[in-house]
Amino acid sequence: MRDRFRLLYTGARDLDRPGDRDTIWADLDGIYARRGPLLLVHGSCSRGGDAHAEAWRAHAAERGLDVAIERHPAPWSALGRAAGPYRDGYMLGRGADGVLAHVTAASQGARNTAAYAQHLGIPLIRRQR
């Protein structure tokens, strides 16, 4: 049995408007309040939703919250455009207790990951901007 709630986070790269970070942080704070220690799994993008989730994790550590991180950068150079879906399927295949998805109209990867999680029966919180 794991001692941490394994939360897969997927977020659009274009989550850069004022308030996006606050929305993501509020959702992560809420999940932590309900579930306790987290293992935050994400795709390790340098901008948008993943970057906000990564920053939340650092802020959570400063507040003494028990949050570990698992990053999965996509192998773009090896797989080209297939790298994102491959990586997302790999993360879900490793198991998740829940998925938090912040999607936008332009976020094909985050939308597909959320749909796949739902298909697998993994509890999903999906937010649309």
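**Close-up 1. A salt bridge joins Arg129 and Asp20.** In this predicted model, their closest N and O atoms lie 2.6 Å apart. Across the whole structure, a search finds 10 salt bridges (a side-chain nitrogen of Lys or Arg within 4 Å of a carboxyl oxygen of Asp or Glu).

**Close-up 2. Arg21 places its charged end over the ring of Trp25.** The distance to the ring centre is 4.0 Å (for Arg, CZ must be within 6 Å of the ring centre and within 35 degrees of the ring normal; for Lys, NZ).

**Close-up 3. Helices H4 (residues 83-93) and H5 (residues 108-120) pack together.** Their axes, lines fitted to C-alpha atoms over the stretch in contact, are 10 Å apart at an angle of about 30 degrees (on a scale from 0 to 180 degrees between N-to-C directions). Asp88, Gly89 and Leu92 of H4 meet Gly109, Thr113, Tyr116, Ala117 and Leu120 of H5 (contact: heavy atoms within 4.5 Å).

**Notes.** Residues are numbered from 1 along each chain as its sequence is written, and side-chain values use heavy atoms, without hydrogens and water. Local features need pLDDT of at least 70 and side-chain atom pairs 80 or more, whereas totals for chains, interfaces and linings use all residues.

How values were computed: Helices (H or I, at least four residues) and strands (E, at least two) are DSSP runs, numbered from the N terminus.
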